[in-house]
Amino acid sequence: MRLLKIGRDMSCDIVLHSENVSALHAELTLMNNGDILLEDKGSRNGTFIQNQAIRPGAQVNVRRGDAIRFGDVELQWGQVPLPEDNSAYKAIYGIGSHFNNDIQVSGGTVSRYHATIKVGRDGKVYIIDHSKNGTTVDGMKITPHTPYRIKKTSAVVCGGVPVNLRTTPVQWPTSVWKPILIAAACAVLLAGIGWGVKKLIDGRGGGELTDGELYARYNHSVVMLVGIYHYNITMGDLDLDNLNTISQQLGLLKEGYYFPSKVILFRDKSSGGINTLNASGASSKEIIEAFNHDGNIGLYSATGFFISDNGQLITNLHVVKPWLFEPEAKLLEEYKSQLTYKLSKFSEMLISNSIPLGLSAYISQLKVEGELDYIALIPQGDIFDVDNTIKCKVLSAGNDPNKDIALIQTVSKRMPASDCTYLNMTDSIETDDESLTVGQHVYTIGFPAGMGLQNRKNEEGIQVYAQGGDITQQNGEYEFSYNAATTGGASGSPVFNKYGMLIGVHHAGASQSLTQGYNYGIKAKYVKELLDSPHKVN
């Protein structure tokens, strides 16, 4: 079954451009058996069949070719899809919240005619999504209006609501091999071969996946992130501009006694000292434009992955609050120490010049605090360019470095491209610590080294890197380690087990001076904790 909305609003399936047509004027329901139902949705100027008005809210059977009018606009039947050729299928089942469906699913996010299950004459079973809020199979969002093969054990979720396929009227294919397989399973149990038992009973919604299958399922869920941030400097209610005016009057500016209210800090690669860029008086927009001027979109890059079709992504806390973590935290403390020393010396000069400012009292109130100016994403397959970045905002980010997880969202509240997919956090996340065993295979997908490993001339745009490995250590309460090689820029990459379940988020690696392969992921249970109890963000 398929529902077509008709009206003046651009979100309708059939848009009619007339002031006499209501925003949502009527609906056509295309039934699996070929019937067509028409319903007026309480329109202002009515719906007519053969010039006869129909009663609003009542479904009326119509036939293709009937003269139907919405207000003053005639229906063009060429805009209505032709009946599907279902000759290759022996059974069809509708899924949705409407009572006409064979499989009724309740929920405010479930469409009236959400999806269709079709059983082929070859015994294969497919699901087709035609909903507003989407359908996932084993954690992957499927492409609308495209058949996707499923099994009786598949984890199907319609609009966030799980569908238990085992209890539906779907006629699943039977096999002459089933009794043989059951006998074999019994033999395995009797023989006590543990790995065989696990293989049979622990399928995680469809069994183990190869690295290639994991890549195919999730590579379009992952994006490159880029960001810019600065530090704000305050000392109680002291106006730093007044302090700089006094410094100028005393002829001390040329000696370095200038005190900015906003700076960008970075480590000098040759000397190891601290370099500063004065951003006093500049807005975040001006800071962004300054870095965009030469095509360098930001000071750092990272990775994130979609968890919903409204553009929400998971990444690391250190991606949106770098100042809470090393090496930025150390850089910040060094700068604050240097600034305190300079202010103390300046205070002595004020006293010697009989200027009663009382600067020492203000120095005790010195704060240097980080502020994110910009966080944006570039989808897999897009060309790296300033114009291709999609701006995001931070939805939830705490202050505990141990829980290195943050939630962001596209400003538009949409995924950026039709081929983007997302991880369903209802049925594609593993939060049990007992599952993180040493030797378990893991797989991670991300953008290590940012643009450093990308071919800028690649017409197919930026491409994710994927690495397989094994869990090498159960480190403790917050993280686990693995040897899937990666490097800076991969922060925020999803880490999957062999069943395609999210088990962690990559957040750190060993020093580059060590052999590559000592990497760490925050446990997925902290992703769930953040989503269940989000932090307030100003």
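**Close-up views of a predicted model**

**View 1. Strand 10 and the sheet to which this strand belongs.** Strand 10, made up of residues 89–96, is mostly covered, since six of its eight residues are buried. The structure shown here and in the views that follow is a predicted model. Strand 10 is joined to strand 12 by six bridges in the antiparallel sense, and within that pairing Ile95 stands opposite Ala115 of strand 12. Strand 10 also pairs with strand 11, here in the parallel sense and over two bridges, where Gly96 has Gln104 of strand 11 as its bridge partner. Strand 12 (residues 115–120) pairs in turn with strand 13 (residues 125–129), antiparallel and over five bridges, and Lys118 stands opposite Tyr126 in strand 13. These pairings belong to an open sheet of five strands in the order 11-10-12-13-16, in which the pairing is mixed. At the edges of this sheet lie strand 11 (103–104) and strand 16 (148–150), each of which pairs on one side only. As a general point, strands of a sheet pair through backbone hydrogen bonds, in either the parallel or the antiparallel sense.

**View 2. Arg69 and the ring of Phe48.** In this view the charged end of Arg69 sits over the ring of Phe48, at 4.1 Å from the centre of that ring.

**View 3. Strand 32 between two pairing partners.** Strand 32 (residues 519–523) is largely enclosed by the rest of the structure, because four of its five residues are buried. One partner is strand 29 (residues 479–482), which pairs with strand 32 in the antiparallel sense over four bridges, and the other partner shown is strand 31 (residues 502–509), likewise antiparallel but with five bridges. Which residue of strand 32 is the bridge partner of Glu479? The partner of Glu479 is Ile522, and Ile522 is also the bridge partner of Val505.

View 4. The structure holds eight aromatic pairs. One of them joins Tyr229 and Tyr231 in an edge-to-face arrangement, with 5.9 Å from centre to centre and 85 degrees between the planes. Both residues fall under the 20% limit for buried residues: Tyr229 counts as buried because its relative accessible area is 9%, and Tyr231 counts as buried because its relative accessibility is 1%. A further pair, that of Phe480 and Tyr482, is tilted, with the centres 5.6 Å apart and 50 degrees between the planes; Phe480 and Tyr482 are both buried. Tyr229 and Tyr231 also belong to one aromatic cluster together with Tyr300 and Trp323.

**View 5. Helix 7 and the elements around its buried residues.** Helix 7, which runs over residues 328–352, has 25 residues and reaches 36 Å from its first C-alpha to its last, close to the 36 Å expected at 1.5 Å a residue. Which residues of helix 7 are buried? They are Ala329, Leu331, Leu332, Tyr335, Leu339, Leu343, Phe346, Ser347 and Leu350. In an α-helix there are 3.6 residues a turn, so residues three or four places apart point the same way. The buried residues of helix 7 pack against several elements, among them helix 4 (240–249), helix 8 (359–363), strand 19 (222–235) and strand 24 (366–379). Strand 20 (262–267) and strand 21 (274–278) also belong to this set of packing partners. Just after helix 7, Ser354 takes a positive phi of about 55 degrees.

**View 6. The protein chain as a whole, as context for the close-ups.** The protein chain contains nine helices and 32 strands, and 46% of its 538 residues count as buried. Among the contacts with a separation of 6 or more, 61% are between residues 24 or more positions apart. The protein chain exposes about 26900 Å², of which carbon and sulfur atoms supply 50%.

Conventions: Residues are numbered from 1 along each chain as its sequence is written. This is a predicted model: local features need pLDDT of at least 70, side-chain atom pairs count only at pLDDT 80 or more; totals for chains, interfaces and linings use all residues. Side-chain values use heavy atoms; hydrogens and water are left out. The expected span of a helix is 1.5 Å times one less than its number of residues. Buried means under 20% relative accessible area, exposed over 50%, partly exposed in between (1.4 Å probe, protein chains only). Contact means heavy atoms within 4.5 Å. Accessible areas come from the Shrake-Rupley method with a 1.4 Å probe; for residues, only the protein chains shown count as cover. Rings of Phe, Tyr and Trp (its six-membered ring) pair if their centres lie within 6.5 Å; planes under 30 degrees apart count as stacked, over 60 as edge-to-face and the rest as tilted. A charge sits over a ring if NZ of Lys or CZ of Arg is within 6 Å of the ring centre and within 35 degrees of the ring normal. Two strands pair if DSSP finds at least two bridges between them.
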